[in-house]
Amino acid sequence: MTAEEETLPAIPVLAAPAEVSANLARLAETVARLRGEVDHAHAVADGRALIELAKGVLMERLHCTPSDAARQLETLAERSGMTPLEFAADVVGEAAEDRITEVAQDFLARAEGEDSVAVRLRTAESGVLAAGDTQRVAESILEHALRPLGATAVAVWLAGPDGSLTLAGSAGFSAEEAARWRYVPPGVATPARRALTERDLVWFPTLAGGGLPSLGQHTLAGGGRAAVPTGTGGRIIGVVEMCWPDPLPAEPGRQRRQLEALAELCAHTLDTWDGVVAPVAADGSGDFLGELVDFVDGLHDPAVLLSPCLDGGRLSDFRIHHANVRFADPGGRPRSRIVGTRLLETYPLTAGESGLLDKIQRVYATGEPFRADSMAITTRVDQVPLTVLTDVSVTRFAGNVLLILRIQDDAAKLAVLLQHAQRLGRIGGFEENVVTGAITWNTELFALYGLPPTATPLSLHELTGHAHPDDAQAIGRFLRAVLHHRRPSSTAFRLQRSDGVARHIRVVAEPVVDAGGELVAVRGAYQDVSAQHWTEVALAATRDRLAESEQEAIERNRLALQLQHAIMPPAKGPIDMPGLRAAVRYRPAEKEHLVGGDWYDAVALPTGEVLLCVGDVAGHGIDAATGMVSLRNALRGLAATGAGPAQLLTWLNLVAYHLTDHVTATAVAAVYNPADRKLRWARAGHLPPILRHLEGAATTLPLIRGSLLGAVRDVEYREEEIQLDKGDILLIYTDGLIERRDRPVQDSVARLVTLVEHHDGGLEHQLDTLLTYSTADTDDDTCVVGIEVT
């Protein structure tokens with residue numbers, strides 16, 4: 001057995017005294033043998049786990065089976081002149097971009113070409129992750145990671161909630177030495193205790209220089225030592241103490257990062273050390289946090305539950321996870337406003353003079369509870385600092401912190417409530433002794449007047465000098481009522497402060513008389529009502545502007561209706577023209593602000609033909625009405641040229657595109673020749689007309705090509721020609737007759753065709769029926785033109 005193996009920790013076999021039976025001695029030998037077999041199995045498993053990790057990397061990169069990955073690993077290791085274990089360590093180290101890879105590189109640089117260092121480091125990591133045993137973690141770290149750095153011993157301490165330290169694992173120390181240091185009570189100064197308090201690596205070039213007792217202080221008295229706190233999520237759960245037989249440099253230098261990384265390997269086993277279940281994560285996963293909330297609700301003390309906020313693994317703040325019903329916010333805010341917020345956002349001054357935040361962080365990191373009586377807690381509400389005396393208790397529960405803030409007495413609570421009420425209501429109180437002349441103001445009243453708290457309070461008789469001159473009479477009536485008639489009174493005035501700020505103030509006062517009815521004092525309050533005053537002014541101005549806007553809208557709608565009726569009067573009677581009879585029905589929108597641009601026209605042309613047209617300008621209001629007038633008049637003039645419907649729509653599109661203010665419209669234009677009863681027609685994005693024959697059959701005309709008027713400049717329209725017979729009725733309409741929000745247009749057109757087909761009355765009755773049974777729900781203008789061939 002080598003000297004290093006002699007220093008490895010093992011389960012101590014206590015020598016049985018003479019009176020102990022032989023069976024007990026044999027039992028101890030059996031335990032020692034089984035422990036040796038278990039250690040050997042763990043060592044084999046460590047190497048196997050590393051090789052399996054490397055095989056997994058090769059499977060992912062080469063997209064091969066496990067057996068192919070195993071063959072590749074052996075082949076590549078042989079070509080590289082390395083053992084499979086060494087080659088596996090290189091593969092895993094290259095694939096893993098983590099702290100261990102960085103530490104391995106530092107170790108390799110320090111070891112000056114020792115190829116086995118990376119193997120030992122990865123093997124230590126594999127053993128740590130598979131162990132779940134802090135003793136084996138200590139042995140693996142010492143054997144595979146610390147010995148290349150010259151260290152000869154390591155101790156892993158578990159930090160208790162009370163600040164105590166328990167030796168969870170050690171290597172390089174004798175069993176007797178480890179037994180003597182199995183437990184360190186709270187308050188005992190040791191290197192590990194100092195690292196726990198400072199929450200940082202503690203470096204001792206020589207243990208004697210540190211002047212602190214610790215494990216191995218006699219056998220390693222001349223050597224150096226380092227103690228590194230370890231934990232997860234900003235919470236310290238233990239300390240790793242590493243020992244060297246010789247003195248160390250004055251500073252850790254590049255070794256700091258290596259030692260911190262090695263300490264991190266111990267954190268997960270310390271969480272489950274000695275069979276204790278790891279605490280609930282700080283994110284509240286699991287049922288433990290819910291149970292902790294129930295526990296907080298059951299406390300008689302006002303308490304809040306804080307959860308850590310981790311940014312990149314570093315503790316940056318605490319979130320207020322829960323507050324019980326007994327908790328009274330020192331700032332007077334309801335619980336709903338503080339639960340879920342960050343501690344520094346809600347109580348930024350906790351990071352100031354009181355040092356409360358630092359104490360909460362220390363409790364979270366070390367587990368040592370903190371308690372203090374009469375601590376001054378300052379909070380800021382609406383930019384106003386408020387300070388109250390509270391009894392504070394801070395305790396760590398697993399991954400959370402329980403904070404109890406107890407305001408000391410009811411009088412203080414009432415004073416805080418009153419202060420908040422005056423601040424929120426912008427109310428300042430006063431009392432004036434008319435006998436002695438003594439005047440008392442509270443802090444808020446000095447703020448209302450714009451005076452420092454050290455200024456001399458003003459008497460009621462000086463009120464007029466600080467008010468607007470126009471308010472002098474109102475203030476005079478107020479003072480006579482209070483001082484002379486001795487009855488309560490109030491008034492409003494404009495306060496002119498010395499800093500040039502004018503405020504609207506309401507003052508309320510009541511007289512105080514003695515037993516003989518003589519006035520002895522006046523008490524009352526001032527309230528800043530500037531916000532209410534300006535709100536009323538703004539509301540009145542808004543009402544005036546609204547009335548003006550409503551009047552303007554009424555005038556615009558009236559003008560639009562007048563313009564519409566001037567061009568298209570709602571004619572009732574039929575219009576007799578050569579070879580046909582025409583009837584028109586126009587129904588304006590129910591809402592005046594929806595006055596639209598529907599239009600129609602029927603005019604005899606110089607050629608003896610008849611021009612028929614129906615159109616619908618997009619939009620509503622006076623703009624739509626003026627656009628309708630422009631298009632209707634333009635079409636009338638263009639029709640005098642004798643051109644066909646398609647050509648007329650082509651010209652009308654140019655008018656809409658160039659000569660109007662961005663007007664778009666749909667239209668149907670038709671030219672009827674009474675001599676041969678032929679109708680030529682064209683459409684521009686409009687619904688096709690409906691034709692009803694004398695025998696009763698009805699159908700829509702073909703949907704010929706033709707886009708919206710005014711949308712694009714160059715459009716080519718097509719026209720169709722149909723032969724009409726005596727008694728045929730042609731209906732041209734706008735979409736206001738059929739359009740619905742809940743069904744397609746095609747369904748509405750089909751219903752309209754059916755309605756026309758089953759009607760057997762005259763032309764005018766036909767149009768009245770269509771308007772009566774219209775199911776349109778868009779509240780748009782409706783125009784229907786009916787033509788009966790005679």
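## Glutamine 746 and helix H23

Glutamine 746 lies in helix H23, where helices (H or I, at least four residues) and strands (E, at least two) are DSSP runs, numbered from the N terminus. At 57% relative accessibility, glutamine 746 counts as exposed, given that buried means under 20% relative accessible area, exposed over 50%, and partly exposed in between (1.4 Å probe, protein chains only). Leucine 687 is 59 residues away from glutamine 746 along the chain, and the C-alpha atoms of the two are separated by 10.0 Å.

This is a predicted model, in which local features need pLDDT of at least 70 and side-chain atom pairs count only at pLDDT 80 or more, while totals for chains, interfaces and linings use all residues. Residues are numbered from 1 along each chain as its sequence is written, and side-chain values use heavy atoms, with hydrogens and water left out.

Helix H24 covers residues 763-772, and its buried residues are Leu763, Gln766, Leu767, Thr769, Leu770 and Leu771.

A search of the whole structure finds two cavities of 30 Å³ or more, and the largest cavity has a volume of about 80 Å³. On a 1 Å grid over the protein atoms alone, a cavity is a set of points where a 1.4 Å probe fits but cannot get out, and lining residues have an atom within 4 Å of a point; grid points are joined across faces, edges and corners, and a volume is the space filled by probe spheres set on the points. The lining of the largest cavity consists of Leu737, Ile738, Ser748, Arg751, Leu752, Leu755, Leu770, Tyr773, Ser774 and Thr775, and H23 gives the most to this lining, with four residues.

Strand E1 (residues 153-159) and strand E6 (residues 235-243) are joined in the antiparallel sense over six bridges, and the bridge partner of valine 154 in E6 is methionine 242.

Five strands form an open sheet in the order E19-E20-E21-E22-E25, and the pairing is antiparallel. Strand E19 (597-604) and strand E25 (719-723) stand at the edges, each with a single partner strand, so one side of each is left without a neighbour in the sheet. The twist averages 15° from one strand to the next. Eight bridges connect E19 with strand E20 (residues 610-617) in the antiparallel sense, and tryptophan 599 has glycine 615 as its bridge partner in E20.

Helix H21 (residues 622-639) lies across E19, E20 and strand E21 (665-673), running at about 20° to E19, whereas helix H22 (residues 645-659) lies across E20, E21, strand E22 (678-684) and E25, running at about 25° to E22.

## Two hairpins

Strand E14 (residues 489-496) and strand E15 (residues 502-513) run antiparallel and are joined by eight bridges, with leucine 495 standing opposite arginine 503 in E15. The two strands form a hairpin with five residues between them, and glycine 500 in the turn has a positive phi of about 90°.

E15 is also joined to strand E16 (residues 519-528), by nine bridges in an antiparallel arrangement, and the bridge partner of valine 508 in E16 is alanine 525. The hairpin of E15 and E16 has five residues between the strands, and in it glycine 517 takes a positive phi near 85°.

## Cysteines

The structure holds zero disulfides, a disulfide being a pair of cysteine sulfur atoms within 2.5 Å. Cysteine 613 is in no disulfide, and the nearest cysteine sulfur, that of cysteine 783, is 9.4 Å away. Cysteine 613 is buried, with a relative accessible area of 2%, and cysteine 309 is buried with a relative accessible area of 6%.

Methods:
Pairing = 2+ DSSP bridges. Axes fitted to C-alpha atoms, helices over the stretch in contact; angles between N-to-C directions. Contact = heavy atoms within 4.5 Å. 1 Å grid on protein atoms, 1.4 Å probe; cavity = no way out; pocket = protein on both sides within 12 Å on 5 of 7 lines; lining within 4 Å.
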